[in-house]
Amino acid sequence: MSNIRHSAARLAASNAFDVVLKNVDKNREKEVCKLIDLMEKYMSDEKLDVNYDRAREMVNNKDGALNKYINRVLDEVDPKVLKTLALNLGFESFLYGTKTIRKMRVKYDCNVPWLILMDPTSACNLHCTGCWAAEYGNKLNLTFEEMDNVVKQGKELGVYFYMFTGGEPLVRKADLIRLCEKHNDCAFLSFTNGTLVDQAFCDELKRIGNLYLAISLEGFSEVNDLRRGNGVFGKVMNAMDLLKQNGLVFGTSICYTSKNCEAVTSEEFVDLMIEKGCRYAMYFHYMPVGNDASLELLPSPEQRTYIKDRVREIRNMTTGKGIFTMDFQNDGEFVGGCIAGGRNYFHINANGDAEPCVFIHYSGANIRTHSLLEILKQPLFMAYHDNQPFNDNHLRPCPMLENPEILQKMVRETGAKSTDLQSPESAEHLCGKCEEYARKWKPCAEKLWEETEVKPKAYSNYKDHK
């Protein structure tokens with residue numbers, strides 16, 4: 001019976017979106033608001049931090065950033081790709097998936113993620129300076145069958161969103177296309193350096209409709225190519241042009257450091273992303289992972305504060321630039337702190353090791369010997385489950401970067417092992433590199449948190465709030 005209700009609800013969502021596309025040249029605001037009405041009705045029995053009236057108000061504000069963003073998407077994205085995005089990421093993941101995941105968290109008394117990140121391969125066609133993924137070597141791969149099994153198990157738990165990193169995932173583009181095609185009710189996103197994007201790949205992306213890209217950039221050509229190699233920036237620009245011309249959905253992945261934080265949030269850089277057709281920009285705080293990681297690249301407290309404010313300014317849905325920006329270190333207040341350890345996501349590396357976070361290279365389980373549910377119940381993941389949030393100040397969310405004593409304790413008490421096959425790094429060494437940063441950031445974060453108007457969340461998946 002539940003499968004019948006699920007299918008009927010997806011059909012209703014599909015029909016509603018067909019109406020929006022049919023009336024795309026008429027009253028767009030009215031039709032988009034109908035989708036908001038549908039979401040409000042479907043999720044009426046769930047506690048969500050969504051102000052539906054405010055959302056409708058922003059959609060109808062023709063001078064606002066959200067209205068302009070929606071119009072650009074409707075004008076520029078291929079209709080089939082757009083509909084698939086709405087159904088797979090919108091309906092299956094955000095709506096149906098959220099309902100299912102919440103039930104599973106109660107049923108199994110452990111974290112159940114909203115998305116799973118996995119590395120199809122450790123191989124890469126570039127050799128970027130300081131890339132932590134390269135530490136695994138370039139000969140590790142997940143088979144198609146292993147990735148397929150992860151998605152099969154994930155869907156049973158309500159997980160309909162999967163991301164790929166590496167290495168360079170598009171080294172395995174044929175298998176990724178095959179996986180997306182087989183699981184055509186899921187949404188997939190691949191982080192990529194962008195250099196392997198060509199017209200043939202764009203044709204495949206249009207055909208399947210459910211694989212989206214996040215292209216790595218660290219700034220304009222001089223800074224970007226210094227790390228990634230001569231000519232890479234130009235190849236990325238060409239890839240974006242191809243993707244936009246083909247009506248595909250993509251954005252950027254940006255690691256900000258002490259050296260580039262102003263450049264990657266400048267008006268010129270943001271305008272370039274929008275002009276090229278980027279729909280989102282994911283900002284990641286530099287993490288000193290690896291035995292040879294440079295501490296000089298860690299942002300200062302002043303730089304981190306600047307990034308926090310600037311990213312929010314860019315994404316403001318009324319006065320912003322018209323691109324959706326995320327800052328995974330500074331947006332903790334909107335997601336209740338650390339999202340790793342399966343609370344909202346976890347990472348599977350190219351060796352099959354299940355890690356709580358893409359930056360936390362410790363594990364006690366492998367997909368080749370454990371089911372997803374067994375992974376989520378293994379000691380390190382349960383330590384995350386039992387101890388989150390690691391700090392009530394969500395501007396200090398991470399058990400490594402801002403609370404380095406916590407990760408050391410969890411690794412020690414759970415017996416988790418380093419997953420780095422070439423140069424294993426102890427938790428003490430990793431966290432030791434973060435101690436001075438954490439000490440300097442703490443007073444700044446406390447002052448900012450005191451000034452933050454924190455509203456109680458309608459729902460939290462912490463142990464004490466079940």
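1. Pro389 sits in the loop that connects helix H15 (379-387) with helix H16 (404-414). Helices here are DSSP runs of H or I with at least four residues, strands are runs of E with at least two, and both are numbered from the N terminus. The bond between Gln388 and Pro389 is a cis peptide, with omega about -5°. The model is a predicted one, in which local features need pLDDT of at least 70 and side-chain atom pairs count only at pLDDT 80 or more, while totals for chains, interfaces and linings use all residues. Residues are numbered from 1 along each chain as its sequence is written, and side-chain values use heavy atoms, without hydrogens or water.

2. Another cis peptide bond is found between Gly166 and Gly167, with omega about 15°. Gly167 belongs to the loop between E2 and helix H7 (173-182). For context, most peptide bonds are trans, and most residues other than glycine have a negative phi.

3. Asp109 lies in the loop between H5 and E1. Its relative accessible area is 41%, so Asp109 is partly exposed; the scale sets buried at under 20%, exposed at over 50% and partly exposed in between (1.4 Å probe, protein chains only).

4. In what order do the 9 strands of the open sheet run? The order is E7-E6-E5-E4-E3-E2-E1-E8-E9, with mixed pairing. Strand E7 (324-327) and strand E9 (354-355) are the edge strands, each pairing on one side only. Two strands are taken to pair if DSSP finds at least two bridges between them. In general, strands of a sheet pair through backbone hydrogen bonds, either parallel or antiparallel.

5. Within this sheet, strand E4 (residues 211-216) and strand E5 (residues 250-256) are parallel and share 4 bridges; Leu213 has Phe250 in E5 as its bridge partner. E1 and E8 also run parallel, joined by 4 bridges, and Leu115 is partnered by Tyr345 in E8.

6. E8 and E9 run antiparallel and are joined by 2 bridges, with Ala354 in E9 as the bridge partner of Ile348. Their hairpin has 5 residues between the strands, and Gly352 there has a positive phi near 90°. Are the faces of E8 buried or exposed? Both are covered: Tyr345 and His347 are buried on one side, as are Phe346 and Ile348 on the other.

7. H5 lies across strand E2 (161-164), strand E3 (187-192) and E4, and runs at about 90° to E4. Helix H6 (residues 144-157) lies across strand E1 (115-118), E2, E3 and strand E8 (345-348), at about 150° to E2. Axes are lines fitted to C-alpha atoms, for helices over the stretch in contact, and angles run from 0 to 180 degrees between N-to-C directions.

8. H7 packs with helix H8 (residues 199-208) at an angle of about 10°, their axes being 10 Å apart. The two helices are therefore roughly parallel, a term that covers angles under 35 degrees; over 145 is roughly antiparallel, 65 to 115 roughly perpendicular, and the rest oblique. Lys173, Ile177, Cys180 and Glu181 of H7 meet Phe201, Glu204, Leu205, Arg207 and Ile208 of H8, where contact means heavy atoms within 4.5 Å. This contact comprises 5 nonpolar, no polar and 4 charged residues. Ala, Val, Leu, Ile, Met, Phe, Trp, Tyr, Cys and Pro are classed as nonpolar, Asp, Glu, Lys and Arg as charged, and the others, including Gly, as polar.

9. The axes of H10 and helix H11 (residues 267-276) come within 9 Å and cross at roughly 40°, which means that H10 is oblique to H11. Phe233, Met237, Met240, Asp241 and Lys244 of H10 make the contact with Leu272, Glu275 and Lys276 of H11. Gln245 is also part of helix H10 (residues 232-245) and is exposed because its relative accessibility is 65%.

10. The largest nonpolar core has 141 residues, among which Met118 and Leu407 touch the most other members. Such a core is a set of buried Ala, Val, Leu, Ile, Met, Phe, Trp, Tyr and Cys residues joined through side-chain atoms within 4.5 Å. Beyond its neighbours within four places in sequence, Leu407 contacts Ile360, Tyr362, Tyr384, Pro399, Met400, Leu430 and Cys431.
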